[in-house]
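Grab a pencil and work through these exercises with the structure open beside you. Try each task before you read its solution.

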Amino acid sequence: MSTTDTGGSRDPKEPDVTVVTTQKGADIKAGLFGSANFDDRIDTTHDITGREALTLVVRSFFLLKEVWRLFVLKFLMAFAMVFPGLFLGWLFKIITDHVILGQPLIVEAVNFPPHMNPILRFLEGMAPMEIMFYITCIFLAGLFLIGFRVGGTGAGTYGGRDAASNAENEISSGGSGAGSIWGIVEWWVDVRLTQYIINNLRSRLFDRLTRVSITSIDDQRVGDQVYRVMYDAASVWGIVTEIVFTPFFTLLGFAITMYQLETTYADVAPWLFWLAWIMLPVVFLVTWPLNGVIRRTNQNKRAAGAASTNAMEEAMNNIGAVQSLGGMKQETEKFAQRSAHQFWRERMALVIGVFIWFFIIVFGEALGLITGYVASQHQIAGQLTAGDFFAVLALYGGIRESAGTLGGVWVRFQEHVAAVRRVFFFIDYRTEEDEDGTEEVTELGEGVEFSNVSFAYPDGRVALNNINLTLAPGELVAFVGPTGAGKTSLAYMIPGFLRATEGEVKLAGRNILDYRLDSLRGEISYVFQEHFLLSESIRDNMRFAREDATDEEIFEALETAGCMEYIDDLPEGIDTVLGRSGDTLSVGQQQRLSIARGLVRKSKILILDEPTAALDPQTENALVRALHTASEDRIVVVIAHRLSTIRQANRIVFIQDGEIRDIGDHQELMTTDGSAYRGYVELQTGDN
């Protein structure tokens, strides 16, 4: 393995960031906005093309079909944000001209858009204070119902600018252009809609990750997978917002503003139309060339965030080794370096956003000054009233906001696409489910047959070569051989964890690839050498293997595996909750519990990897006797190094360098001259 510097250009005061990758001899230095390898060994491409971005957008949009009713309700409720733009500025014009300045309100003599006519006719002929009273009533009614001002409910959660902090904001903050009662109801609908979509996507992604083949998932950091599920998936709602709500209602607001200009000031101030149209192309000219940079920068900042999560996950998952080897300082420094690099990437993404917004704001303010100057000249010339002056500025503000929002949509669009690509990568990634068969396992038949089976790992390492072997029901078979001989690889072939690169593995005379994986693995219990226990009660751990297991069957399996002698001493007995990965138990106790969990499954095939390594002789003998009993109507395979276990097997398969060298029972193989198994045993016992 090699180390890869993922730092790129940065502040020299920041620490170097070094992460482990599988690129041999690589020393890749990423530029300021360049791609970098951040520990995710499968997904190593961080550039997103425009076509890929468009595809991701379309796919995100179609997620709405799962919650189309809530979406339609949210869409209809969002129209409330239209009303402030239609009425607010004109009500202020009435107050300025006909309340403060006391000008008489005569409908035929004033300049207002048509939709204001009902209000104007109602107020026509009233005294200034009467006009003010009724306008105040209109304001209060609007405030009570929809807030009557842009700004929304203000409901939501607060967080920083980094992707992880904003993930919960994306999911639970909700949003509404209205306020008051309407805004609260819309906010609730928004939160419910968002959480449904994100939860469905998270669950779908998690399901796909659980079905990725072992050889692939072993090359992927757990922290990166957690980051994708918890944080990246949350950005899907941002995509939906940016392609549906924001553009639609922004363009609707723009159209409403143009309509009001056309019906009020088209003859007096035609220059407003030019200013309106100038804003849109300018915004897109600024943002469009930076699309690729924005996507790449945001992709890299998320990869850097995943690297920080990886560092923490690896350290805490191996805390025993870290503490026993005194590696606390090194792990802390590694995490600090990756965290600092994550913040550096966050700042780089922020710099681009600030640059774009700065340009848009400066350009918009410059046009605002021009608008104010020209409007004031028209007012001095008597072409506009004081109320018209403020109405013109309000209309310009609506135009500028629409243009800025559309430009911002495109920027935020690229940010969300970077996250969503990481989600859909593993949803699209080929899993075992995609190669699933259709047949059901109903019987063992003649057992498991390996026919000319060879297997090589993706990196080219040959693990098995031309294996021919039959495992028949009713026998206890031991796979034996030196470390790295291929024993586990051979055992992995039976449940389909690994698939032969040559030859066939058959069950009941049929290629195992013809069976549905759920059906195949439902008839196989594999007890791994590592002890995979849940942080749940012992009872729940047992029922994880078989949900319908009775208490009698659970206690029988626990007794067979020698677990009851320590379970009886636990404060809650079988209902005692275990610590992380079962660490509240000793290694031997964890091993026995794992074996018991395999026994309670009542499967047709039982495979145990080093089941007796941490057992005392008495428990070992009891377990082997139980395995002999269990093998009467099933196939039992034991991967073992311990001679006391091996010699009790009905048949021993000795494997060396990926090939079967000997097959037979202990006595037979020990009396065979030149037996590879005999040499292996003599090497262990020191006999010549």
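**Exercise 1: A phenylalanine in a helix**

Phe254 sits in helix α10 (residues 236-264). Helices here are DSSP runs of H or I with at least four residues, strands are E runs of at least two, and both are numbered from the N terminus. One thing to know before going on: this is a predicted model, where local features need pLDDT of at least 70, side-chain atom pairs count only at pLDDT 80 or more, and totals for chains, interfaces and linings use all residues. Residues are numbered from 1 along each chain as its sequence is written, and side-chain values use heavy atoms, with hydrogens and water left out.

Task: decide whether Phe254 is buried or exposed.

Step 1. Get the cut-offs: buried means under 20% relative accessible area, exposed over 50%, and partly exposed in between (1.4 Å probe, protein chains only).
Step 2. Phe254 has 6% relative accessibility, so it counts as buried.
Step 3. Now look along the chain: Arg400 is 146 residues away from Phe254, yet their C-alpha atoms are separated by 9.1 Å.

**Exercise 2: Charged pairs**

Task: find out which parts the pair Lys74 and Asp190 ties together.

Step 1. Start with the rule: a salt bridge is a side-chain nitrogen of Lys or Arg within 4 Å of a carboxyl oxygen of Asp or Glu. By this rule the count is 22 salt bridges.
Step 2. Lys74 and Asp190 qualify, with 3.7 Å from N to O.
Step 3. Lys74 belongs to helix α2 and Asp190 to helix α7 (residues 180-210), so the pair links parts that are 116 residues apart in sequence.
Step 4. Check the cover: Lys74 is buried at 6% relative accessible area, and Asp190 is buried at 5%.

Task: how are Lys93 and Asp97 placed in helix α3?

Step 1. Their side chains form a salt bridge of 3.2 Å, N to O.
Step 2. Both lie in helix α3 (residues 82-100), and because they are four residues apart, about one helical turn separates them.
Step 3. Lys93 is buried, with 3% relative accessibility, and Asp97 is buried too, with 1%.

Task: is Asp657 buried or exposed?

Step 1. Asp657 makes a salt bridge with Arg661, their closest N and O atoms being 3.7 Å apart.
Step 2. Asp657 has 61% relative accessibility, so it counts as exposed.
Step 3. Arg661, at 37%, is partly exposed.

**Exercise 3: Nonpolar groups, inside and outside**

Task: which residues have the most contacts inside the largest nonpolar core?

Step 1. A nonpolar core is a set of buried Ala, Val, Leu, Ile, Met, Phe, Trp, Tyr and Cys residues joined through side-chain atoms within 4.5 Å.
Step 2. The largest one has 42 residues, and Met542, Leu558, Leu593, Leu627 and Tyr677 have the most contacts inside it.
Step 3. Helix α21 (residues 587-599) gives the largest share of this core, four residues.
Step 4. Apart from it lies another core, of 41 residues, including Leu261 and Ile294.

Task: is Leu76 buried or exposed?

Step 1. Leu76 is in helix α2.
Step 2. Its relative accessible area is 53%, so Leu76 is exposed.
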